[in-house]
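Biologist: I'm new to this. Could you help me read a structure, one feature at a time?

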Amino acid sequence: MTPLPVTVIGGYLGAGKTTLVNHLLRHAAGRRLAVLVNEFGDLPIDADLIEAEEDGMISIAGGCICCSFGSDLIGALNDLAAMEPRPDHILVESSGVAIPGAIVSTMLLADGIRSDGIVVVVDGETVRQRAQDDYVGDTITRQLSDAEIVVVNKTDLLAHAVQTELMEWLAEAAPGAIAIPAERGRVAPGALLGVLPAPGTGQPAHHSDRLFDSLVLAPEGGQPIERLARDLATGPHGVIRAKGYLRDIEGALWLIQTVGRRWEVTPAQGPHQTGLVCIGFRDRLDRSGLAALAGATV
Amino acid sequence: MAETIIYAARKIITMAPSRPEVSHVAVRDGRILGIGTLEELASWGDYRLDDRFAGKVLMPGFVEGHAHTMEGTLWRNVYVGWFDRMDPEGRVWPGLKSIDAVVARLREAEAQMSGPETPLAAWALDPIYMENRRVTRLELDQVSTTRPIGILHASGHIMNVNTRALELAGLMKPGVNHPGIPLGEDGLPLGPLYGPDAMTPVGPHVGFDRAMTDCDERGLRDYGKLCVRAGVTTCTDLAARLTDDSVDMMLRVTGEEDYPACIVPLRVFFGMSAEEIVDYCVSLKPRSTERLRLGRIKAVADGSIQGFSARLRWPGYYNGAPNGLWYTAPEQMSELYHRALAAGLQVHTHTNGDQATQMALDMLEPALKAHPSPDHRFTLQHCQMADAAQFRKMRSLGMNVNLFANHHFYWGDEHYRLTVGPERACRMNACRTALDTGVPMAIHSDAPVTPLGPLFTAWAAVNRITASGRVQGEEERISVSEALYAITLGAAYTLHMDGEVGSIEVGKRADFAVLDSDPTQADPMALKDIGVWGTVQGGRIFPASAL
């Protein structure tokens, strides 16, 4: 069975993690999301999304669920992986003081789980000041240094110059991440969680909205897989996530996944059609650069 | 009318300001009718003279202000600690001085077990006394390859397991990549598991389940026996989850006719919002009984110093380890303090590092201004690294402190050379400074981390000797009488119970620690060796020999 993707959503108290989770649930678009929270006290789901509630598990419209895991994240992940039907994607909403990288290390002890990225949510108005705080500054900088995607809330309240400065600061504080400006957590699910296959086709659906766009790279020949993955993740092409299957120079099939500035290549299990979906910022997605990178048609 | 019994003793140390030492105490209805001479007490009318304590020294029953009743449950596992330790039945298990000896004791226990797959669990291992030698799964495989084996360390933060335990947890595979799980040359987990994240997936397979911080029914009964053997008549359970079931169980067990102690469980601030825990504890409070006191909250600010998870101020850890972790964010602590003060509930806050202490102080001050609360007695627990300025602030805010006085015996050498360095190691658990500053102070054992034993804790505070025999921080030593006050009235004060226990005075509960000799006359170095005959709790007599 393919490993179940898990995205950790971290960030300090008040940054907007819960708002983001609710937004993703509202726009799950057929994706069965399971949300794990570690604080029973603050079950973060908007009341109108809840269909039923029992035994610490909340059922949500569209087949999504939410449960609390207390101190036993592994047990909760194993329970979710054993569910029928299995969720498509798990979101772990961490506590405000947790270090997300530590959560990923722990959750990977569970079988059948794959880390699909660390999203750290910050409050654009306060994060730089908070990062200087005697008590929690190092917690926030540790969270950011683990991030692959930073969702920057409240950017609508910032003057343009301040926003530019903030983005420059984040590029240093979160060197492994791509920062996505947002208002009240409204970020396209595709950008955070990857693009879903279009119903019935097995082909990735095209994703596009005001902020984000996607494209499919379908190179003809074999590729230097590792280098391509690295360039996709770290190059100046505006790519937030990329996922797909490509052949290497010798013809072996590989799964390529990038989130933020981190990449991963693994030998493909079973046959797959080749092609690589890249999702990025509408105004920054460098179509011709990407095509040149993969020697491909777009 | 209820019978009046007058006990004659060799000496009664009362902690009562007007009559600090007397020869007789009169008890009626489980309460103290009076103290004085036989002649004075006889004036109350008919009485029965009981001279069974004629050769004994009575003190107020000891109050343990920071312990966990889970020690009662842990004793059903095999004890493999470095120090000699007495179990609930009174058997002293000799300390084990090598890994070979640990393996030998596990083999003995294994030989008596039925069913080849039953888990074998042990506890209290402390390899810091064995040059921090690691115990691998292969060594534990010598005991059994068919049953899962787990050994919990004394700190509670590390576990050693065998191959079978790793298999059952699904971790006997290559590619495990976790900072808490070291791998061997073969790429497979070596056996030690560091930290709760690494221990949690394996714990249930070796008999340490997820809710380990709570004791079970038999454990609570066994814990009562440990209390009697240590002279304790009132004891906190400092981080209970207090589920409906466990509250019912604790009410039932402590309500049994012969339950020998008053238990004071604090609901731990995890898994509930501040609003919920305050509402919940308000609802629990009226369910309190004579022997189960509900309605207090325990918050945890940071981790442990020896686990490098405590929050330290500059210059941080002596060995350069990165700063520790917040277990509760400052904003959450602030909200808890505000709500608890508004509701009239008391909060005890675990702070180990000095930055955690500072955070608690900083959060409490504005909350107190918003909800003026004379006599709130919010208490800092452990508070091991506090400096003089922090003690002054505690006094200004009306806080209490419960210092981990015996910690420097067990881990003082380690703190000196590794975790915080010489200067801060010498001022850790600064009892002298606390008292001189005027902060109401208790001292504690944190059982099961260290054994329940107020006289031992008092000995540690008086002498400040480390396991290697050095005096560490002699300026922070306190006198024997100050230490005896800390384990009686001092601890009772931190629980708002000083009006009913902690001293032998008219009107208070008839709670006595019955001692074989007089701690005020003993060589301070012999304080820990004073024999405990048993206790009297609520007028009921509990000889340790009859448990």
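This is a predicted model: local features need pLDDT of at least 70, side-chain atom pairs count only at pLDDT 80 or more; totals for chains, interfaces and linings use all residues.

Biologist: In what order do the strands of the open sheet in chain B run?

Modeller: Strands of a sheet pair through backbone hydrogen bonds, either parallel or antiparallel. Here eight strands of chain B follow the order β6-β14-β15-β16-β17-β18-β19-β20, with parallel pairing. A strand is a DSSP run (E, at least two residues), numbered from the N terminus, and two strands pair if DSSP finds at least two bridges between them. β6 (62-64) and β20 (441-443) of chain B are the edge strands, each pairing on one side only.

Biologist: How many bridges join β6(B) and β14(B)?

Modeller: Three bridges, in the parallel sense. B:Glu64, for instance, has B:Cys235 in β14(B) as its bridge partner.

Biologist: Which residues have the most contacts inside the largest nonpolar core?

Modeller: A nonpolar core is a set of buried Ala, Val, Leu, Ile, Met, Phe, Trp, Tyr and Cys residues joined through C-beta atoms within 7 Å; buried means 20 or more other C-beta atoms within 10 Å of a residue's own, C-beta atoms being placed from the backbone. The largest one has 264 residues, and A:Met107, A:Ile149, A:Val150 and A:Ile180 have the most contacts inside it.

Biologist: How many residues does each chain bring to the contact?

Modeller: Chain B gives 21 residues and chain A gives 21 residues, where contact means C-beta atoms, placed from the backbone, within 7 Å.

Methods: Residues are numbered from 1 along each chain as its sequence is written. Chains are lettered from A and ligands numbered from 1 in the order in which they are written. A residue is buried if 20 or more other C-beta atoms lie within 10 Å of its own, exposed if 12 or fewer, and partly exposed in between; C-beta atoms are placed from the backbone. Two residues are in contact if their C-beta atoms, placed from the backbone, lie within 7 Å. Helices (H or I, at least four residues) and strands (E, at least two) are DSSP runs, numbered from the N terminus.
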